[in-house]
Amino acid sequence: MAKHSILIHTLILFVCCSICATYSFAEVSVDGSISHSTFPLDRAAMLTITVSGASKTAAIYLPEVENIRFHSRGQSSQISMVNGNVTSMVSYNYLVQGLKPGNYTIDPIKVKVERNQFATQPIDFEITATGQQSKTQQQQTSLKDIAFIKVSTLADHYPGEVEPVTLKVYLDQRYRTDITTLPILNGDGVVMEQLSTKPSQSQETLNGRTFHVITWETTLSGIKTGRHPISFSLEGSLLIPQKRRTTSTFSSFGRSSLFNDSLFDDFFGNYRREQVTITSPDLTFNVVALPSENVPENFTGAIGDFNLEVSATPLQVEVGEPITLTVKITGSGNFDRIEALDFPAGDSWKTYSPSSTFEPDESSPYRGVKTFEQAIVVKGDNISEIPKLALSYFDPTQKEYVTKLSAPIGLDVASSSPQVAMKIVKIQPTQPNQELASDATPNYNGLAPLHIHIGKLTHDIKPLFQKPWYIATCLFLTLLTFLAVIVKFRQVQRLKHPEIETSKQTRLQLQTDLAQLQNMVTENDSAAFLAQCRKTIQNKLGKKYQRQPASISSVDLNRWLEANSVIIEIFLHTEQAVYGSATLSKEEMQSMYQQLKDSLEKTS
Amino acid sequence: MKTRCRRFLIIFLLILILPLQLIAASGQEVGILFEQGNQAYSKGDFDSAILSFEEITSQHGLSAPLLFNLANSYTQKGNIGQAVLNYKRAEILAPTDPDIEGNLEKIRKENGLFQKELTGLEKAIGFLTINEWSAVFLITLLGLSLFLLAAIRFSYKRTTHIAVFFFSAVLMTVSIAGTYLRYQTINPSVVITNDAKLLISPFESATSTGSIQEGRLVYPQNHHGNYTLVQDGTGRKGWLAASKIEAVRK
């Protein structure tokens, strides 16, 4: 029992010593931040000084700032242990109150930890007049506090170099913020790899506030030298609570209503959705030129750290037999700039175009394996090895060009059999003629043979729909279709409304009759004129009253028309003329014609 | 009088016959050149074959067999860019020719000119060639106009009218969409040299963003001086010297 007790005490002592040792060796850092960079005179902001890695209490020396008062609001401490590393963090909080509107800067705050002295960065903020903060300022200020983008540190780069970058979008959990787009890169001369639609998500606490953090791991690559100003932004929407107007009768007596509480603002209040653009601070991506000295001949722009492996199969071949050469390049960097390695072919080898594949590493897209496969053929049996291949790249950490060579691969080449030799000897056809072209043309590399008929020649390569005859036919058929539709429509209309056709026929008949009357007036033929007048009246009224025109008499007219109608008068005149052979002068005929025309046209 | 008439007749006949003789002579010349090209190819003299075929294309016109033979000659010479260009041209004139399709596929495979995986829509559109889609539109339009003409003379049921209009509208819409989408794929340019590099700006001294393989299809988007802004099948964009590419459609 005593042994156990000694052991437990020893262990506790060891753990305590370990923690103390870790504390004592931990790096101390000091950071200062203010909760609002702009706030009105009647409000206050929280100044937080965070001391990380200190084992003892730190002494804070706040500078004097004119028209600014600091009120201590205590301190909070936090100890975390991750993978055995113990980290302590103490936050000292102060309320910052302004006495006068204006722009202020808190000079670096001195922090003394044991015998060491540290300082924060200067902190800028603005105090606006009471209630005079503009809406835009309010929105901008609040938006910067509510949602923002942080980007990992950017160093200098070379053109084409792939730089891993972490983009973190911070969204204050107290507000409902929705993001509608992926972050985009603003700026020229730099390209960003396409972002994943499934970023990692976590929570972080900053200045005592909890943020929802969305993280993208991506890469940036500069495409031209120079200092490129860049930033990141994404679109989103923010639900902003609207202050309710209390209508309570108590408020008019200067007392606050029971419901005049922010709790009920959340519960009953309206929300307004605002489209917002969440941005990162302005950054500079510096791209420096690659050294122009000692550039290898086969350098294709690859930057990073690569390894080269070359293998071949089979290693025992006959002349003319193909060998598959496999080149594997592993490591990290801009694999897109790595091209197939030059094979020193010469007269002894025949080479074919290589194919390439790239398998990115799951952990990061700029790590992986690029594989080239190439078919090579030995032309003579004096070859004993596959020559060494060279990969050149620029190492950004060493800041120098590196050329890696593969080891030569031994080959056992035997003299070719007759069949194999045939493969590499060009076939010389004997008597070429047109008929032989299709049958006897050597089928080089398995291509389909030549065509023996030239076919119809044309002067331009146009698809069918661009040929004039096609366009003309389409236009003609479209016109024909429209005409057919119009004709069919009129046909249907006539069937539905037969009175339209009858009316049209009546109108045409009247026009014909009146034209004949006019001719008779011109010819001064009184008898024929009167007979035509009678016929015109009968035709017109026969259609209207659906009677045979010849059967209409003055009795019918008296029944259908008014007693003093001009038509009855003229009709009686025509009857008298039949029995009494009355004659009319040309003027009388003209007058009668006009009267009859006017009357019949008025008769619907 | 008779003599004068005879002279007029002779001149008239000469005027009538001369162009026909010129056409016949031209046809004979084309035939000879074509045969010379085929013979040179058979002998393995691909340079001479290319010269003969190119002479026909520049002076007399184009045809699918001619462009196919020219493309075969370029393939044998190892000029993959020109080979792809001429196979693509031949493909427009004879979209269903299996020889053109087979040879094009073969040189693509052998030279690593892999094409991107087709989407479902692209596969569906690729079911018919551009000319077949155009023909579907024309036949549908012809059928519709004939039906309407017949409807003037004969009376059909209302449901028959609705069915004919509906199917015609669907067929015409689909065929127009098919023609348009197929046209997008037959109108690219081809990289014809093996040293083409994509540049970030249309200037000789501009930084390169990578090389682009000979025989690759690119889609021109903009022009500036002697440079063309292109996008390849993988979405890469950059400026290429105009001399490095040639449009499939002249």
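Modeller: Between chain A and chain B the count of salt bridges is 0. The model is predicted, and a search through the whole of it, over all chains, gives 9 salt bridges. One of them joins the side chains of Glu575(A) and Arg534(A), with 3.6 Å from N to O. These two residues lie 41 residues apart and link distant parts of the chain: Glu575(A) sits in helix α10 (residues 566-580) of chain A, and Arg534(A) in helix α8 (residues 526-545) of chain A.

The part for the close look is a set of helices in chain B: α3, residues 64-77, α4, residues 80-93, and α5, residues 98-110. Two packed helices are described by the angle between their axes and the distance between the axes, and each pair is taken in turn below.

For α3(B) and α4(B), the axes are 8 Å apart and the packing angle is about 165°. That angle makes α3(B) roughly antiparallel to α4(B). Their crossing is left-handed. On the side of α3(B), the contact involves Ala64(B), Leu67(B), Phe68(B), Leu70(B), Ala71(B), Asn72(B), Tyr74(B) and Thr75(B). On the side of α4(B), the residues are Gln82(B), Ala83(B), Asn86(B), Tyr87(B), Arg89(B), Ala90(B) and Leu93(B). By class, the contact of α3(B) with α4(B) comprises 10 nonpolar, 4 polar and 1 charged residues.

Next come α4(B) and α5(B), whose axes come within 10 Å and cross at roughly 155°. The two helices are therefore roughly antiparallel to each other, and the crossing of α4(B) and α5(B) is left-handed. From α4(B), Ile80(B), Ala83(B), Val84(B), Tyr87(B), Lys88(B), Ala90(B) and Glu91(B) meet Ile100(B), Asn103(B), Leu104(B), Ile107(B) and Arg108(B) of α5(B). This contact of α4(B) with α5(B) has 8 nonpolar, 1 polar and 3 charged residues.

The remaining pair is α3(B) with α5(B). Their axes come within 11 Å and cross at roughly 20°. An angle under 35 degrees counts as roughly parallel, so α3(B) and α5(B) are roughly parallel to each other. The crossing of α3(B) and α5(B) is left-handed. Here Phe68(B), Asn72(B) and Thr75(B) of α3(B) meet Asp99(B), Ile100(B), Asn103(B) and Ile107(B) of α5(B). The contact of α3(B) with α5(B) holds 3 nonpolar, 3 polar and 1 charged residues.

Technical notes
Residues are numbered from 1 along each chain as its sequence is written. Chains are lettered from A and ligands numbered from 1 in the order in which they are written. This is a predicted model: local features need pLDDT of at least 70, side-chain atom pairs count only at pLDDT 80 or more; totals for chains, interfaces and linings use all residues. Side-chain values use heavy atoms; hydrogens and water are left out. Axes are lines fitted to C-alpha atoms, for helices over the stretch in contact, and angles run from 0 to 180 degrees between N-to-C directions. Helices (H or I, at least four residues) and strands (E, at least two) are DSSP runs, numbered from the N terminus. Angles under 35 degrees count as roughly parallel, over 145 as roughly antiparallel, 65 to 115 as roughly perpendicular and the rest as oblique. A crossing is left-handed if the near helix is turned anticlockwise from the far one by less than a right angle, and right-handed if clockwise. Contact means heavy atoms within 4.5 Å. Ala, Val, Leu, Ile, Met, Phe, Trp, Tyr, Cys and Pro count as nonpolar, Asp, Glu, Lys and Arg as charged, and the others, Gly among them, as polar. A salt bridge is a side-chain nitrogen of Lys or Arg within 4 Å of a carboxyl oxygen of Asp or Glu.
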